[in-house]
Amino acid sequence: MSGLSDMKDRLAGSLYGLGWATVKKLPEPVSVALGRRIADTAWKRRGKSVLRLESNLARVVPDAGPERLAALSRAGMRSYMRYWMESFRLPAWSKQRIGTDVQIKDVHHLEDGLAAGRGVVVALPHLANWDLAGAWATTQVGVPFTTVAERLKPETLYDRFVAYREGLGMEVLPHTGGSAFGTLARRLRSGGLVCLVADRDLSSSGVEVQFFGESARMPAGPAMLAQHTGAALLPVTLWYDGTIMRGRIHPPVDVPEAGTRAEKTSGMTQAMADVFAAGIADHPEDWHMLQRLWLADLSDEAGERA
């Protein structure tokens, strides 16, 4: 099995490498059409990722019938492939284009937090293109930031992602290894910016939240960092609007005055999840959650493995 897994990892690395090497050279209308064709082909095949996306969307839009869910999942796959096609081409985008094609509301929450010198933690769900939002922050706000990336396999693919994001002005730390939290805290204490995708827990220390009426886990990191350092915690939601990507920086999530540290972390993470849920409900087709998220689904997965 390990040989088959290694072969799949090498194939994945080669395919992503081909995407970065070739897609950015294509005329943009061609790459857009190619992305849609790939998305539609994957959607028609009804593979595990498409079925999982549809299952997740059924919780977001509980009154949707089969036809509505199918339309949403098709739009979701197109949005997901748009993310990839944009990402492959993003290093060639000019500062002016990013400023035109990304429109973010309520930027004053970010600017106020940075001006106060207390550091800012931005937390986002997997909505639209979070890498493009990062490029907007570095080019339009003029602030470099630190983030965390899941270690991908093969290692060459992870290295490619790190190089790509560092090329956009990000400092990228590996999710595993145990030192990321301390480095993030130091960046915040010096008044810096930390950006974390935070709607899916990748560890065993996640906080249980109510999300669309069911239990899920989300990472404790954003709330814990805000408590440890005094940084502002700002949820951000994104969505596509035609050729433009729009977003909103929401008001800071306050640290509760009473309770234990764990209780404060739980309350802040739930508040963050509520903001995410509202943004996802408004633009479900742009939520790229193709993995299991809710505890009931994770329990089913564990049962299937057993």
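For sorting residues into classes, Ala, Val, Leu, Ile, Met, Phe, Trp, Tyr, Cys and Pro count as nonpolar, Asp, Glu, Lys and Arg as charged, and the others, Gly among them, as polar. With that sorted, on to the model itself. This is a predicted model, where local features need pLDDT of at least 70 and side-chain atom pairs count only at pLDDT 80 or more, while totals for chains, interfaces and linings use all residues. Residues are numbered from 1 along each chain as its sequence is written, and side-chain values use heavy atoms, with hydrogens and water left out.

The chain holds twelve helices and nine strands; these are DSSP runs numbered from the N terminus, with helices being H or I of at least four residues and strands E of at least two. Of its 306 residues, 48% count as buried, where buried means under 20% relative accessible area, exposed over 50%, and partly exposed in between (1.4 Å probe, protein chains only).

Now for the sheet. Seven strands make an open sheet with mixed pairing, running β1-β9-β8-β2-β5-β3-β4; two strands pair if DSSP finds at least two bridges between them. Since β1 (102–105) and β4 (170–174) each have a single partner strand, they stand at the edges, so one side of each has no neighbour in the sheet. From one strand to the next, the twist averages 25°. Helix α11 (residues 261–282) packs on this sheet and touches β2 and β8 (232–241), contact meaning heavy atoms within 4.5 Å. The direction of α11 makes about 15° with that of β8 (axes are lines fitted to C-alpha atoms, for helices over the stretch in contact, and angles run from 0 to 180 degrees between N-to-C directions).

Five of its five residues are buried, so β2 is largely enclosed by the rest of the structure. In a regular strand the side chains alternate between the two faces of the sheet. Here, Val-120, Val-122 and Leu-124 point one way from β2, while Val-121 and Ala-123 point the other way. Strand β2 (residues 120–124) pairs with β5 (residues 193–197) in the parallel sense over five bridges, and with β8, also in the parallel sense, over four bridges. Ala-123 has Leu-196 as its bridge partner in β5 and Pro-235 as its partner in β8. Val-122, for its part, stands opposite Cys-195 in β5.

Next comes a pocket. On a 1 Å grid over the protein atoms alone, a pocket is an open set of points with protein on both sides within 12 Å along at least five of seven lines, and lining residues have an atom within 4 Å of a point. The second largest pocket is lined by 21 residues, and Val-32, Arg-78, Arg-82, Glu-86 and Gly-242 lie nearest its centre. Helices α2 (28–45), α4 (66–89) and α5 (95–101) are the elements that give two or more residues to this lining, with the largest share, eight residues, coming from α4. By class, the lining has six nonpolar, five polar and ten charged residues.

Most residues other than glycine have a negative phi. Asp-106, though not a glycine, has a positive phi of about 60°; it is found in the loop between β1 and α6 (108–115) and counts as partly exposed because its relative accessibility is 30%. Ala-128 is not a glycine either, yet has a positive phi of about 55°. Ala-128 lies in the loop between β2 and α7 (130–141) and is buried, with a relative accessible area of 0%.

Conventions:
On a 1 Å grid over the protein atoms alone, a cavity is a set of points where a 1.4 Å probe fits but cannot get out, and a pocket is an open set with protein on both sides within 12 Å along at least five of seven lines; lining residues have an atom within 4 Å of a point.
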